[in-house]
Amino acid sequence: EWANEYLDFSKERFSDKTYKEKKRVLDMLITALPRGVAAQDIQPAQALAILRKRSQEDGGNTANKDRKNLCAAWEWGVKFMALPEQSPFKRVPRFAEKRHVRYVPPEADFWAVHAQACAQDKVMLLAMLHTAGRKGEILGLMWHDVDFSSRTIRLSTRKRMGGSLEHDHVPMTQELHDALRAHRSKANSVYVFAKATGRRYTHRVHL
């Protein structure tokens with residue numbers, strides 16, 4: 001009941017990706033616990049065993065992410081479902097992490113990829129470069145977000161405190177304006193960057 005109530009709340013408040021992450025973690029927890037155990041009876045030793053197993057199998061980074069989600073779910077339960085103030089998950093110390101420096105391609109490599117890309121992908125890459133938009137913001141861009149008269153693009157994100165959808169209006173460079181104008185004349189979707197079916201992209205892993 002606690003998991004379901006929290007997930008219903010999360011579905012209304014967070015992005016689909018965040019909701020699915022929280023659902024996966026709570027599914028894992030319920031599967032790992034003895035059948036029928038009450039949420040308020042979860043012991044720190046059980047929490048430690050579950051998160052330690054996660055760390056051994058998938059690394060400290062993943063275990064700490066799961067711990068964060070479980071702590072957030074518990075805090076919600078304290079506020080709205082009378083769970084005990086002391087969280088069994090918060091009592092588990094964070095696991096050692098192996099941090100990897102994110103590789104950022106040099107600009108020459110960006111333009112090399114741009115040169116090989118198809119027409120739509122050239123515009124998409126240009127939009128990413130000229131707006132510094134997140135991947136999800138660019139892939140979810142709709143034509144009503146593009147204002148050619150004021151030369152602005154409205155980027156929308158839930159990556160803010162509270163998970164509410166917020167917008168930023170970013171100026172369009174002349175180069176991006178011209179590229180989007182030309183792309184608009186051939187568009188077959190409400191999405192700026194769309195598949196042949198007109199549906200939006202959710203990822204572009206291979207690109």
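Q: At what angle do helix H1 and H4 pack, and how far apart are their axes?
A: Two packed helices are described by the angle between their axes and the distance between those axes. Here helix H1 (residues 2–13) and H4 pack at an angle of about 100°, with their axes 10 Å apart, which makes H1 roughly perpendicular to H4. Axes are lines fitted to C-alpha atoms, for helices over the stretch in contact, with angles from 0 to 180 degrees between N-to-C directions; under 35 degrees counts as roughly parallel, over 145 as roughly antiparallel, 65 to 115 as roughly perpendicular and the rest as oblique. This is a predicted model, in which local features need pLDDT of at least 70 and side-chain atom pairs count only at pLDDT 80 or more, while totals for chains, interfaces and linings use all residues. Residues are numbered from 1 along each chain as its sequence is written, and side-chain values use heavy atoms, with hydrogens and water left out.

Q: Which residues of H1 and H4 meet?
A: Contact means heavy atoms within 4.5 Å, and by that rule Trp2, Glu5, Tyr6 and Phe9 in H1 meet Ala72, Ala73, Trp74, Trp76 and Gly77 in H4. The contact of H1 with H4 has seven nonpolar, one polar and one charged residues, where Ala, Val, Leu, Ile, Met, Phe, Trp, Tyr, Cys and Pro count as nonpolar, Asp, Glu, Lys and Arg as charged, and the others, Gly among them, as polar.

Q: Are H5 and H6 roughly parallel or antiparallel to each other?
A: The axes of H5 and helix H6 (residues 119–131) come within 9 Å and cross at roughly 155°, and H5 and H6 are therefore roughly antiparallel. On the H5 side the contact is made by Phe110, Trp111, Val113, His114, Ala115 and Gln116, and on the H6 side by Lys122, Leu125, Leu126 and Leu129.

Q: Is His114 buried or exposed?
A: Buried means under 20% relative accessible area, exposed over 50%, and partly exposed in between (1.4 Å probe, protein chains only). With a relative accessible area of 14%, His114 is buried; leaving aside residues up to four places away in sequence, His114 touches Lys122 and Leu125.

Q: What is the phi of Ala82?
A: Most residues other than glycine have a negative phi. Phi of Ala82, however, is near 60°, a positive value, and Ala82 is exposed, with a relative accessible area of 70%.

Technical notes
Helices (H or I, at least four residues) and strands (E, at least two) are DSSP runs, numbered from the N terminus.
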